[in-house]
2 protein chains.
Amino acid sequence: MRLSQMLFVTLREDPAEAEIPSHKLLLRAGYIRRVGSGIYAYLPLMWRVLQKVSQIVREEMNATGAQECLLPQLQPADLWRESGRWDTYTKAEGIMFALVDRQQRELGLGPTHEEVITAIARDMIRSYRQLPQTLYQIQTKFRDEIRPRFGLMRGREFIMKDAYSFDADEAAMKLTYEKMNQAYHNILRRCGLKFRAVDADSGAIGGSGSQEFMVLAEAGEDEILYTDDGNYAANVEKAVSLPPDSEPSSFTVYEKRETPGTETIEKVCKFLKCSPTQLVKNVLYQAVYDSGITVLVLIHIRGDQDVNEVKLQNELVKLAGDYGAQTVLSLTVPDAEAQQKWASKPLPLGYMSPGISDDYIRSAKEIAPKFVRLVDRTVTDLQNFVTGADQSGYHFVGANWGTQFQKSDRVVDLRKAKAGDRAIHDPSQILQTARGIEIGHIFQLGTKYSKALGATYTNEQGEEMPLVMGCYGIGVSRLAQSAVEQSYDKDGIIFPVAIAPYQAIVIIPNVGDADQVAAAETLYGELNQAGVETLLDDRNERAGVKFKDADLIGIPYRIVTGKSLKDGKVEVVKRATKVVQELAIADVIPALKQWIAEALG
Amino acid sequence: MRLSQMLFVTLREDPAEAEIPSHKLLLRAGYIRRVGSGIYAYLPLMWRVLQKVSQIVREEMNATGAQECLLPQLQPADLWRESGRWDTYTKAEGIMFALVDRQQRELGLGPTHEEVITAIARDMIRSYRQLPQTLYQIQTKFRDEIRPRFGLMRGREFIMKDAYSFDADEAAMKLTYEKMNQAYHNILRRCGLKFRAVDADSGAIGGSGSQEFMVLAEAGEDEILYTDDGNYAANVEKAVSLPPDSEPSSFTVYEKRETPGTETIEKVCKFLKCSPTQLVKNVLYQAVYDSGITVLVLIHIRGDQDVNEVKLQNELVKLAGDYGAQTVLSLTVPDAEAQQKWASKPLPLGYMSPGISDDYIRSAKEIAPKFVRLVDRTVTDLQNFVTGADQSGYHFVGANWGTQFQKSDRVVDLRKAKAGDRAIHDPSQILQTARGIEIGHIFQLGTKYSKALGATYTNEQGEEMPLVMGCYGIGVSRLAQSAVEQSYDKDGIIFPVAIAPYQAIVIIPNVGDADQVAAAETLYGELNQAGVETLLDDRNERAGVKFKDADLIGIPYRIVTGKSLKDGKVEVVKRATKVVQELAIADVIPALKQWIAEALG
């Protein structure tokens, strides 16, 4: 392609709308253009990047035996009612755009396709002889994000590859899942990205296990915890670890102490000269279920630990059935106004005891919130601990479970793992932290959707069984931007060779110089002929402008038909390293072909 | 691909939902699956067909210098308000799905992209030096059809290629348009379709000239009129022709005659012993503009001719400015109830005169409908004609314009051309009729959108000028189905080689026969190796089932490793002709490669 004929406009200034480097660079370099909040046009350069990523994804999917298809973006509400997700997705979490057609029938714009594919499997799969099956598609998806931002990172319209597998049983599904896991590693490696696969929370999709694929970058929205031995990595939302050992308590006698002005852990520990590991912290949450029921949650957790709200949410979703609900709509630390609705007297915030319920939430029954206590594992073995005394300015010391306080039998893991913790698989390994951009997520779904929609098959014994499913997503447009976020410098983008829109750019410094033009035209033609995807900058612009633009758009190899032409040579510059070489014209194509082959591994 | 591993299910019975052969066949052969009204899943076989069509489209677009991009499907309402189409598309015609996001901002789901691309051009194109530019995309589009039907033919979600060109002036735009016209011919020829390019009405898209590309098929929704010399073809909506000559009138004296029971043209002509070509027919329409104003339209047209409502609509849209409107929302022959709203006494239907307005629509002014008279060209030269006398059971004979009736000065072409008419370019050519499926439409848009959105460039003289646009659509999914509609037999689909999902299928009649399996596996591997896209039917099914399925899905070449194996031969069957040949195994690949090369031209 000739730049003189391309719709190619670069910007000198960073656009005001952009916050992170990759977003700024993609706008400035003319890859994307904002059309509305979280809505972008992919311009010709970007489209080539997206096609390259898609093609790598396609090849790796096909290699697993998965079959490409294309499912509708408009999805009938009835299908989502069968799975029970219509209200959650359109009202509660509200991330699905909903609309009505001219017959007033409700439709959703697909953010994901479990319902549609399960309905198709229900129709088409009858026998174990048809299994396994994996279908995938590469498609624009929609999410009505609360806060669209960072360009393609969190857009309202984005390109996804989503795959869905159907197996006869759990074991077969895990084999398929493992194949996909391998394919995802291959995809990211081939795209030239530094990444990490991490244990992840399964969220609203559901299922028993999931892994996220994180492209490592400072601007990543996710925190990853990992060990240097390579045997553990998890999203902080999901991460587990060994907490530090608790120090033995020096309080051997149970008594109430006056501890004025100690509403924080730090203050009470300083006042009582004890370790936070000897303390039971009592934290209150208010959860609203989709059935309309509000539940108060009191959590006991060790003084030096924090609550991981994703883990808390998951525990509360497990209890949803008790409240005639399917999910938790909101989870908040109740503020003073919320407390007034159910507390009969002001709560002794900062001084609550594990027994708080009896004294303070008397009026709760009148407005019917439920009350649940959850015990984090970190406090179950504490002895002679310190905790609040349900009275402002007082703590108990030397308290014990079973003696002064009844321990709830809901003992669960709610603590937030953090960098510096010891790893469970090997306590000599210490958790490290990194930031990442989630570009893939694979799920062991199990039978959640097949049971809900009645997608069954007949096994060898003639029994009707639910299909066992997995689902596997990659954010294609997000991956493309994350490559930029991971690889740029002050002059612009440094695209990995595998997904750069073009592999090389031939620059004519002066289009008035017939020799330069002739040499460049010949090289441009021959490079493309040789399969090297090449741009020609034949614009009537100053050389400096052309060099700047080439750096900005991040084409891996730049060839300049400049002064050394008189020696039969051209200048060849590698974008990533800025290393400049003078090559004889005849050597250019072999050199580029070799470099590209090496880069593509 | 092995059929044993593919999600491949064929149906024996025609699905009840399908009306036309191609729809039935695509459902039965497992290409598509209905998910909702006008909403289909493209299963793996269909996806391959769509990819092949897309690739041909892409190659031909790229050959014109057009650049591929991808524009958003969600479109901000404000952009459509700038062009003035928001209300027309979401309310009046209502073919655009509209929704609101969580901030209650209005969005439309793109049925077309003139607004988005013009906004991008407005941002990016500043100078004549950047021109010409053509951008295109291949994308799922949405239309809230009143009556979705015929599968992919009139779906609510469908795949389109749409291209938009920007030129400096009308002459340059016409050159681009001509390139696109040629590219469209190439695309349809390469897809293996019988088609015709026809003059077309530009409808809601607008602009000065347009052509449709019609795939010829009995089930086509459109009627085409054409001449055998190849010099004229048009959609009947747009077609023009010479009407038959009118016979001279035998009525030389103007008088009112009693003509009882002659409310039809046929009856009055029989009663008065005159030709319909001597008669002025007066037809009443009621048009509602988008400004809310209702207009009564009285048309004078020759007795043997009919009104073309598309032409009428276009004439009325030209008058929209007079009524503070942009378009006509509805055009109906007013029924008795509608007439009562404005007629002061019952209209003498069947006996109206060209002067009807004065006597019958007295009360019109009170309810403020406007009144317009349009004169079709067929009546302007009539002399001594017959027409109604505004009284039931009476006609005037020997009437003349300028004497008994004032001719309106709005003389326009409103008549419906029909098969049998003489062609304008050569009256010796007689219009023929055929039915077609519209799969492409190219428009000379001009400056309609660039002026509305302020998309200008600076010309060589430093003047700011509006960009001159063209737009060019192909229904990719509709094209794929139209190929089936054009080419099938009682056993199933006969796909053109260029867009068949696979080019060949190797069938093992008996998977229990090790020789058959070995020969088939070898051929299957070697064919794919040689670049022949080949399926292997290795299912444990009866041979008859496999032959039926192969015919149904319409793979061009079938290879059967059957009885003739003992002679070192296999059976090769061409799907289109059912011609069976026994070929030595070594000859199979060369033969197929040659046949495919011939078919791809």
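Some ground rules before we start. This is a predicted model, where local features need pLDDT of at least 70, side-chain atom pairs count only at pLDDT 80 or more, and totals for chains, interfaces and linings use all residues. Residues are numbered from 1 along each chain as its sequence is written, chains are lettered from A and ligands numbered from 1 in the order in which they are written, and side-chain values use heavy atoms, with hydrogens and water left out.

Let's begin with chain A as a whole. Along the principal axes, its C-alpha atoms fill a box of roughly 95 × 65 × 45 Å. Chain A has 16 helices and 31 strands; these are DSSP runs numbered from the N terminus, with helices being H or I of at least four residues and strands being E of at least two. Of the 601 residues in chain A, 59% are buried, where buried means under 20% relative accessible area, exposed over 50%, and partly exposed in between, using a 1.4 Å probe and protein chains only. Contacts here are heavy atoms within 4.5 Å. Among the contacts in chain A with a separation of 6 or more, 69% join residues 24 or more positions apart.

Now zoom in on one sheet of chain A. Three of its strands form an open, antiparallel sheet in the order 13-19-18, with two strands counted as paired if DSSP finds at least two bridges between them. Strand 13 (255-258) and strand 18 (385-388) of chain A are the edges, each pairing on one side only. From one strand to the next, the twist averages 30°, with axes fitted as lines to C-alpha atoms (for helices over the stretch in contact) and angles running from 0 to 180 degrees between N-to-C directions. Strand 18 of chain A pairs with strand 19 (residues 394-399) of chain A over 3 bridges, in the antiparallel sense. T387(A) stands opposite F396(A) in strand 19 of chain A.

Over in chain B, have a look at I299(B), which lies in strand 15 (residues 294-302) of chain B. Why does I299(B) count as buried? Because its relative accessibility is 0%. Leaving out residues up to four places away in sequence, I299(B) touches K281(B), N282(B), V283(B), Y285(B), V307(B), L312(B), L374(B) and L414(B). The C-alpha atoms of I299(B) and D376(B) are separated by 7.1 Å, although these residues are 77 apart along the chain. Helix 13 (residues 476-486) of chain B is mostly covered too, with 11 of its 11 residues buried.

Finally, the voids. The structure holds 2 cavities of 30 Å³ or more. A cavity is a set of points on a 1 Å grid over the protein atoms alone where a 1.4 Å probe fits but cannot get out, and lining residues have an atom within 4 Å of a point. The largest cavity has a volume of about 80 Å³, volume being the space filled by probe spheres set on the points, which are joined across faces, edges and corners. Strand 21 of chain A gives the most to its lining, with 3 residues. The second largest cavity holds about 40 Å³ of space, and its lining includes A550(B), I555(B) and K578(B).

Note on methods. On a 1 Å grid over the protein atoms alone, a cavity is a set of points where a 1.4 Å probe fits but cannot get out, and a pocket is an open set with protein on both sides within 12 Å along at least five of seven lines; lining residues have an atom within 4 Å of a point.
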